[in-house]
Amino acid sequence: MDDKVLLVEDDHTVRALVRLLLEDEGLTVVEASTGLQAVERFATEHVDLVLLDVRLPGLSGFDVCRQLRRTSAVPIIMVTAQQDSHDVVAGLELGADDYVTKPFNDRELMARVRAQLRRRQGAVGTTNEVVSSGDLTIKIDEGHVLKAGSRVPLTRIEFRLLCHFATNPNRVWSRSQLLEHVWGYPYDGDGRVVDTHIARLRAKIEDDPTNPLYIETVRGIGYRMPTSGS
């Protein structure tokens, strides 16, 4: 692999250990120890993924994520030291693709890194298919979505999630299945990453996110997109 990762971590020991893990996978690592340094490095380095600690001196990981998402769809994995729902959901709502909590398992971390890099490489350009549902038009090969003729700004994961539903209409998908097919790793018992991205996607494509037409909740099972989108 020749992908480059921006590793943002203020703890020198943790940063050194994670760097070794990434380099053992054949990845090139660019380091930053503060939020401001992370933004500066991102502006000057072409990176394929950002591994971003939440608790940073000065500019927080949340602030960094917000700034990066203004201009880039690069995969972002947030790292938090707490099993805190607020940290997890806040990061995902700002546009992070995934998260891990400290202390993390080395294999789990690398599985998530590899999954994001694989998904990034295969995100678009593999099909000429155009899928329509209601007033949505999903141009899979071009990587964008139109609603009533106007382009809808989606993150990379939101787009992949919508494409997955649209190309499998009426099928009900559990959280574990969505993690496997869209994120690329097995279910670990925490479906917040799925629920949060579904909520963000609905806010962008639904006229009334509380009464969704395109992505329905099937209580006790998961989610589906009905054929007609209505």
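Me: In this predicted model, how many bridges join strand S7 (residues 136–139) to S8, and in which sense do the two run?

Reply: Four bridges join S7 to S8, and the strands run antiparallel. Ile138 stands opposite Val145 in S8. The hairpin of S7 and S8 has four residues between the strands, and Gly143 there takes a positive phi near 75°.

Me: Which way do the side chains of strand S8 (residues 144–147) point, and are they buried or exposed?

Reply: In a regular strand, side chains alternate between the two faces of the sheet. Here His144 and Leu146 point one way, Val145 and Lys147 the other way, and all are buried.

Me: What joins S8 to strand S9 (residues 150–152)?

Reply: Three bridges, again in the antiparallel sense. Val145 stands opposite Val152 in S9. Two residues lie between S8 and S9 in their hairpin, and Ala148 in the turn has a positive phi of about 50°.

Me: In what order do the strands form the sheet?

Reply: The order is S6-S7-S8-S9, an open sheet of four strands with antiparallel pairing. Strand S6 (130–133) and S9 are the edge strands, each pairing on one side only. From one strand to the next, the twist averages 25°.

Me: Which helix packs on the sheet?

Reply: Helix H6 (residues 156–166) does, touching S6, S7 and S8; its direction makes about 105° with that of S7.

Me: How many aromatic pairs are there?

Reply: A pair of aromatic rings is described by the distance of the centres and the angle of the planes. With ring centres required to lie within 6.5 Å, the count is zero. A charge over a ring is another matter: the charged end of Arg171 sits over the ring of Trp173, 3.8 Å from its centre.

Terms used
Residues are numbered from 1 along each chain as its sequence is written. This is a predicted model: local features need pLDDT of at least 70, side-chain atom pairs count only at pLDDT 80 or more; totals for chains, interfaces and linings use all residues. Side-chain values use heavy atoms; hydrogens and water are left out. Buried means under 20% relative accessible area, exposed over 50%, partly exposed in between (1.4 Å probe, protein chains only). Two strands pair if DSSP finds at least two bridges between them. Rings of Phe, Tyr and Trp (its six-membered ring) pair if their centres lie within 6.5 Å; planes under 30 degrees apart count as stacked, over 60 as edge-to-face and the rest as tilted. A charge sits over a ring if NZ of Lys or CZ of Arg is within 6 Å of the ring centre and within 35 degrees of the ring normal. Axes are lines fitted to C-alpha atoms, for helices over the stretch in contact, and angles run from 0 to 180 degrees between N-to-C directions. Contact means heavy atoms within 4.5 Å.
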